[in-house]
Amino acid sequence: MAAALCCGLLDYKTEKFALTRNRRVGLLHRLLQLAVLGYLLGWVLVVRRGYQDTDAAPHVSVITKMKGVSVTWSKDASSRLWDAVDYASPPQGENVLFLVTNFIATAKQAQGTCPESPSVLDGMCTEDVDCPVGNPVVHGNGIKTGKCVMFNATHSTCEIYGWCPVENNTLPRKPLLAEAENFTLFIKNTVNFTKFNFSKGNALQTNDSTYFKSCTYDPFFNPSCPVFRIGDMVEAAGETFQDLALLGGSISIRIEWNCDLDQPTAWCQPQYSFILVDRRYNFRTASYYWDSQRRPYRSLMKLYGIRFDISVHGQAGKFGIIPAAVSFGTGIAFFGAVSAKYALFL
């Protein structure tokens, strides 16, 4: 046993190759090698840039500002001027911004008793017993007082204690801030790839103080202007402004940075995409005031509009010794393995 083991340790093995003179087999062999080589050079090294070290977690900063002015008219022919402080929330936003495009106003509400709205099912009644005292109206506007009263000539509802008169629910047929289609949104975005100590902004570096006041973003003719027309963003999301502005909606703005730091830094530019997330969006807000007798009042507003959610994603790559060595080493090993397997198959 020991002698056999010693002889085995001293054995020398070598591979035996057979030369096949067959043009078809030889051509197939070379084509296979070229395919493997093309995959390594074309996909791994050129497309995927396997020779680069990467940073896929940049630090980002986003600042937004809305610009534009609109006038709305109420039923009594009174007008109201809307500027960025009125229709944008918050006025100076960051990753989330809301633009008012339509609204329903209920003016001069005071705390007291009044009929519940007939649009609230739990507020409908035919007699007092249908309105138990102290019960809140489900999905309603106040607390039941125990009385069933006439809301109008055709509907009876429970009397409630709440803010009266109850909220108006008559929606305008067209968005009241239709001019918002031509408002502009300024998006200032900066990314910082800390791994490479590299930062870049989406705004054109210029000494012209009037540039951002006159330019509008265009992916082909003006890609370095971060001022976006609202109507263009809604259209890019696959919707028409008038339809979306009536009941509101939500749009996601995605900013994508894909930077090859082995190339000139001017080539590192963001790509923008706009996605419609939801077709309805609204919320309520109120402003409070007191009359000369110190009685509290409020003006209730149900605001419809477009919510913009801005997200920033990015990746930067730069030549690195270790990734390059791993990619080339893996490629050579794979190329050799494929050639050997093919020869063994023959």
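This briefing covers the aromatic ring pairs and the charges placed over rings in the structure above.

The model is predicted, so local features need pLDDT of at least 70 and side-chain atom pairs count only at pLDDT 80 or more, whereas totals for chains, interfaces and linings use all residues. Residues are numbered from 1 along each chain as its sequence is written, and side-chain values use heavy atoms, with hydrogens and water left out. Rings of Phe, Tyr and Trp (its six-membered ring) pair if their centres lie within 6.5 Å, with planes under 30 degrees apart counted as stacked, over 60 as edge-to-face and the rest as tilted; the count by this rule is 12 aromatic pairs.

**Tyr 217 and Tyr 272**
- The ring centres of Tyr 217 and Tyr 272 are 5.1 Å apart and the planes stand at 75°, so this pair is edge-to-face.
- Tyr 217 lies in the loop between α4 (211-214) and β12 (227-229) and Tyr 272 in strand β14 (residues 270-278), so that the pair links distant parts of the chain, 55 residues apart; helices (H or I, at least four residues) and strands (E, at least two) are DSSP runs, numbered from the N terminus.
- Tyr 217 is buried at 16% relative accessibility, and Tyr 272 is buried at 12% (buried means under 20% relative accessible area, exposed over 50%, partly exposed in between, with a 1.4 Å probe and protein chains only).
- One aromatic cluster is formed by Tyr 217, Phe 228, Tyr 272 and Phe 274.

**Tyr 289 and Tyr 297**
- With centres 5.8 Å apart and planes at 15°, the rings of Tyr 289 and Tyr 297 are stacked.
- Tyr 289 is partly exposed at 32% relative accessibility, whereas Tyr 297 is buried at 11%.

**Charges over rings**
- Lys 108 lies over the face of Tyr 297, at 5.6 Å from the ring centre (the rule requires NZ of Lys or CZ of Arg within 6 Å of the ring centre and within 35 degrees of the ring normal).
- Arg 80 sits over the face of Trp 82, at 4.0 Å from the ring centre.
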